[in-house]
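I opened the model and kept notes as I went.

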Amino acid sequence: MASYTTSQFKAGLKILLDGDPYAIVENEFVKPGKGQAFNRVKIRNLRSGRVVERTFKSGDSVEAADVIETEMQYLYTDGEFWHFMKPDSFEQYAAGKTVIGDGAKWLKEQDLCKVTLWNNEPLSIEPPAHVNLAVVETDPGLRGDTSGGGGKPATLETGAVVQVPLFIEEGEVVRVDTRSGAYISRAKE
Amino acid sequence: MHDDWRPSACRKALRQRASILAAIRGFFAERGVLEVDTPCLVGAGATDPNVPSFYVAYDGPGAPPEGRLWLQSSPEHAMKRLLAAGSGAIYQITHAFRAGERGRLHNPEFTLLEWYRLGWDQHALMDEVADLFRYLLGGCTVERLTYTQVFHAHLGVDPLEASRQTLETSAGGLGLGRAALAALDRDGLLDLLLSHRVVPALGSGRLTFVYDFPASQAALARLRPDDPRVAERFELFSNGVELANGYHELTDAVEQRLRFERERAARARLGLPLPDVDARLLAAMEAGLPPCAGVALGLDRLIMHVCGARHIDEVIAFPIERA
């Protein structure tokens with residue numbers, strides 16, 4: 001099994017601790033002028049997303065996690081699994097509900113997502129930062145209001161509900177930031 | 001990114017660096033302390049197991065029989081040889097090297113200001129370190145606490161008397177893992193607690209001297225005659241950063257040889273390189289090292305302190321990745 005010593009630590013490195021994959025968020029080298037050196041790290045659990053602090057004696061080694069990030073095309077869901085495909089090799093991967101999490105509501109067929117694989121199994125899915133989605137349901141807009149001053153909820157084709165300006169009507173396509181869930185603009189067709 | 005030919009420090013920081021160096025030389029000139037210049041390339045590597053040295057293969061004229069020299073981890077040995085040879089009070093601004101030390105406060109090649117005062121003890125030298133800061137910065141608040149006091153204040157434990165169990169309990173929550181914790185010796189545990197739990201809280205907006213370190217961490221300091229549990233060693237912290245380390249120096253050659261041998265034994269246990277003891281330093285001490293106190297101050301960190309820099313790269317022209 002591959003491993004890293006503390007001198008290889010840097011942000012982004014993927015390590016295995018207590019059976020879980022982690023990414024190093026921050027690494028600080030702590031050493032008294034005379035005395036034992038340590039590496040104080042902030043690490044993110046790639047399964048739960050939680051960030052915790054750990055300390056390693058400098059020079060110690062830790063197992064590497066076989067984690068890779070890759071782009072895949074979202075194909076479809078059968079209700080239980082969400083299916084993705086590597087565009088270059090056509091290899092398909094299925095991700096369950098716990099892996100997809102909240103991201104499911106942004107997934108539109110054909111969109112390219114960032115898929116993190118751990119031991120060749122999907123660990124997490126990141127939808128595109130910006131997606132264009134059609135409004136399937138919203139209250140009728142107020143005539144003549146193009147200011148965008150107010151807002152109303154709109155249900156999108158993937159099931160996500162976002163606040164949109166009053167002038168947006170059913171059938172229109174809007175551009176949304178998936179990280180904040182915020183409406184950006186009308187999509188330019 | 002092919003701009004790594006550029007310095008990591010801005011021009012303003014480099015100008016400040018130059019003026020601080022000039023001011024330090026002025027400070028010591030006013031006080032009649034002699035500037036000296038000893039070699040970076042030395043015959044004896046550091047025996048301290050926590051100080052990893054660089055070595056340089058050399059088989060040219062004047063080479064030692066092993067065909068190997070070391071990059072100094074500090075100018076301490078050479079400066080003590082000068083003291084033994086009758087130099088009087090001396091200071092030096094020099095580069096020092098530690099293999100593997102890199103981070104926000106570390107570069108493997110760094111600059112030290114080191115100086116020695118004859119007949120002084122650690123407290124007199126702390127006064128002068130504070131004087132230097134006042135000379136460079138104007139007024140500063142200074143406090144002086146023992147190693148035991150800072151452990152009491154921040155952890156509620158007595159570092160000299162607490163059981164190993166108590167120290168391990170204090171280190172719980174640092175996320176070190178049981179096995180890694182068990183693998184640390186007592187001084188390793190104390191270092192862990194000091195660097196993670198105590199130092200971050202030291203010297204906020206002031207200079208905090210911590211003195212009377214445990215005897216097991218005496219390094220090259222003498223033990224306190226009236227309390228041999230502690231050594232007459234001090235460190236200076238400001239805003240959670242270690243800035244200096246000083247000793248009322250050990251002058252006893254026999255005791256010094258013993259400490260070197262203990263360090264070498266620890267290195268052997270850890271499977272680390274085994275440099276010979278520095279026979280020339282021991283010979284100088286046998287000839288007579290006058291009673292003195294000495295301190296090494298991390299000059300890059302001092303400059304960070306003056307400039308308000310957060311990272312060492314902001315005050316050195318070319319850190320290791322750009323060297």
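I started at N119(A), which sits in the loop between β10 (112-118) and β11 (121-126) of chain A. Strands here are DSSP runs of E with at least two residues, helices are runs of H or I with at least four, and both are numbered from the N terminus. This is a predicted model, where local features need pLDDT of at least 70, side-chain atom pairs count only at pLDDT 80 or more, and totals for chains, interfaces and linings use all residues. Residues are numbered from 1 along each chain as its sequence is written, chains are lettered from A and ligands numbered from 1 in the order written, and side-chain values use heavy atoms, without hydrogens and water.

N119(A) has a positive phi of about 50°, yet is not a glycine. I read its relative accessibility as 44%, so N119(A) is partly exposed. (Buried is under 20% relative accessible area, exposed over 50%, partly exposed in between, with a 1.4 Å probe and protein chains only.)

Next I checked chain B. N239(B) lies in the loop between β10 (227-238) and β11 (241-248) of that chain. N239(B) is not a glycine either, and its phi is positive, about 50°. Its relative accessible area is 49%, so N239(B) is partly exposed.

Then K31(A). I found K31(A) in the loop between β3 (20-30) and β4 of chain A. Is K31(A) buried or exposed? Its relative accessibility is 8%, so K31(A) counts as buried. Its contacts (heavy atoms within 4.5 Å) include N50(B), R98(B), E101(B), H106(B) and E242(B). The K31(A) side chain makes a polar contact with the side chain of E101(B) at 3.3 Å. (A polar contact is an N or O pair within 3.5 Å; within protein, one atom must be able to donate a hydrogen and the other to accept it, and residues adjacent in sequence count only if both atoms are side-chain atoms.) A polar atom of the K31(A) side chain also lies 3.0 Å from the backbone oxygen of N50(B).

N45(A) was next, in strand β4 (residues 38-45) of chain A. With 7% relative accessibility, N45(A) counts as buried. A polar atom of its side chain lies 3.1 Å from the backbone nitrogen of S48(A). Beyond four places in sequence, N45(A) touches D20(A), P21(A), Y22(A) and R50(A).

Last, I looked at packing. The largest nonpolar core has 37 residues, and I24(B), L113(B), W115(B), V129(B) and L297(B) touch the most other members. (A nonpolar core is a set of buried Ala, Val, Leu, Ile, Met, Phe, Trp, Tyr and Cys residues joined through side-chain atoms within 4.5 Å.) Helix α3 (residues 122-137) of chain B gives the most to this core, seven residues.
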